[in-house]
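Hi everyone, thanks for coming.

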Amino acid sequence: MASDTIAPVLPQGAGYGVVVGIGFFFAFLMAGISYIQNRYTRYSTKGSEEFNTASRSVKSGLIASGIVSAWTWAATLLQSSTVAYTYGISGPFWYAAGATVQIFMFAVLACKVKQNAPRCHTFLEIIHCRYGTATHIIFIFFALLTNILVASQLLLGGSAVVTALTGMNVYAAIFLIPLGVCVYVVLGGLRATFLCDYTHTFIVMIIILYFMFSVYTSNHLIGSPTNMFNLLLEASKLRPVEGNQDGSYLTLKSNFGLIFGVIQLCSGMGTVFLDQGYWQRAIASRPTTAVRAYILGGMAWFAIPFGFASTLGLAAVALTNNPAYPTYPNNMTSSQVSSGLSAPFAAVALLGKPGAIALLLTLFMAVTSSSSSELIAVSSILTFDIYKMYLKPFATPEQLIRVSHIMICVFGLIMAAFACLWNVIGIDLGWLFLTMGLLIGGVFPAALTVTWKKQSKYGAMAGCGCGMAAGLTAWLVCAKTYYGELTIATTGASYPTLAGNMAAVLGGLIVSVVVSYIKPDDFDWEITRGINSSASIGTTPATQSGTSSPRQTTLSSDPEKKLATSPSNPSPPLSHNTIPSALPALTKDQAILEDPTLLRSSFKFACISATVLTLLMDFIIPIPMFLSHYIFSVGFFKGWVAVSFIWVFFALFTCAILPTWEARGFFLETWGAVMGTRILEVEGV
């Protein structure tokens, strides 16, 4: 491993201090916030509706910050810098552009969830309502597979860097990183996750700007865009890039960079569309702000890999032959590159110990905030889609909360165990990142569940199974054909992973659509609108085109619902099926629950903005530069760097300033409530 050949820059105590100390600092912080929330506001974390959905009252700024945080994995920082080191200037762009599109697309799904299933807890509840038990179980498998791959990847990348920088035992890092996260998620639920997302993302943005200003304005090793440009020109002569125009690091005409962009696009669809964490943010948002939150979140997230990798990834290229670089006089080994160590090595070369500490903090914030999203997402699936659906349909809110807490801790152990497994068998961050998407076949069947009423349960099931089979087959056949053997190195190469990812995504789409057209459904969205709705009490389970509503059957006999609507209980406590909607400020949201056609304009805006932004980022900007074989001039490179600065500042405004501005009334009234010891009745943050 890289840590065996490169001496750690920081002592082991620094690693344990960051992993344990900062983790529990946030745990104590969340304990205090949860106490204030429970004592002085109507949003109690003791209710499962608040714990798992934040009472569906979160505004666009905090949702956008949560989206950025959930999509900022260890790979966002490490793998984006790896592709910058490997492919040059095209790497950061394709990493960002290839993974932003999914968030824009999800804006459409977020709007559809608010229209067609506004009271659901998980997207799997919609699957169960539409297609029944068999399809539900299949999608549970793919959802949990997605969460396990993503969460273990977070720990795999994070622990590798902590070990390389501090010498901390890699297995200790794997198990200790999620420890503090589990504590604060158990204490505060989804809203606590959002608040920690906000804090972590704010810190990440500040440190990214710290690195950017150091590299491009003041650092003695680079210090300006012009110096960076000259160093990259020199690196292009010494270590020309295969597949790049003239071997240059300063061009978007990068064959393997483009291949990586396609892999990123296909893989990212699976890890967004089948990750309950993204559906959970759509569920938690207010209907009137969901679309805006995802568009803002996508645009803000683009800045993180683009700005970070265009700084530290390119700095690693520029400084490889500098005596300050940790591997000097040698180049980085393929293992070090694949483990994502180009950014840490660049930070150490540029700033020494302060750079190592800054990068360690950045990575820890990214890993823990995205881990919290995975923990609460899996907890919701295990609680509502397994425990309540199949084991105890009449579970009380107290029982649901207890199970949610247990499942958070259980999944914390599971994600650490899988990360240890990958480390033992020699799978690193780069291999896992490139192969995740080909294992996930239910991308478009999941999306079509809330957008296309003609998709049948047979189409959904066939799309999942055939997508996964097509991905695995194309992946292994391509690796064997090209390289003659199946090893970790050959199966992690560009062409096999490209074939596998494309086959998984497109195969699942084609099979699902074809099967559904052979025997189409004609689903009535009123059935899914009845999920967790008291309006369904006393009704007979609806049937539409042979599709029954097992979920509605369960809810119609729920004694807790009858209690909640009984005349003798006019003011029921919050529960897992009671949404706090009586506040005057939420009357518009309540109106949308009753009349989803009010969201038609939001849906049109989501479709138009997602289409336009996707075309801009993935076609209109990069493809002409690729086809023209353009190599950046020094003036164009300066402009490119200036755009990265502007974009990061926009992201800082979106993720740090906008949430605070939107919640200003909440903060003021909370302070008044604390001083006046009265219960706060405002619409939340």
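So, cavities: there are four of 30 Å³ or more. A cavity here is a set of points, on a 1 Å grid over the protein atoms alone, where a 1.4 Å probe fits but cannot get out; points join across faces, edges and corners, and volume is the space filled by probe spheres set on them.

Quick caveat: this is a predicted model, where local features need pLDDT of at least 70 and side-chain atom pairs 80 or more, while totals for chains, interfaces and linings use all residues. Residues are numbered from 1 along each chain as its sequence is written, and side-chain values use heavy atoms, leaving out hydrogens and water.

Let's look at the second largest cavity, at about 80 Å³. Its lining residues (an atom within 4 Å of a point) include Trp-71, Tyr-95, Gln-264 and Phe-433. Helix α11 (a DSSP run of H or I, at least four residues) gives the largest share, four residues.

Now the cores. A nonpolar core joins buried Ala, Val, Leu, Ile, Met, Phe, Trp, Tyr and Cys through side-chain atoms within 4.5 Å, buried being under 20% relative accessible area with a 1.4 Å probe, protein chains only. The largest one has 206 residues, and Met-228 and Phe-637 have the most contacts inside it. Helix α9, residues 170–218, gives the most, 23 residues. Leaving aside residues up to four places away in sequence, Phe-637 touches, among others, Ile-89, Tyr-216 and Met-228, counting heavy atoms within 4.5 Å as contact.

Terms used
Buried means under 20% relative accessible area, exposed over 50%, partly exposed in between (1.4 Å probe, protein chains only). Helices (H or I, at least four residues) and strands (E, at least two) are DSSP runs, numbered from the N terminus. On a 1 Å grid over the protein atoms alone, a cavity is a set of points where a 1.4 Å probe fits but cannot get out, and a pocket is an open set with protein on both sides within 12 Å along at least five of seven lines; lining residues have an atom within 4 Å of a point.
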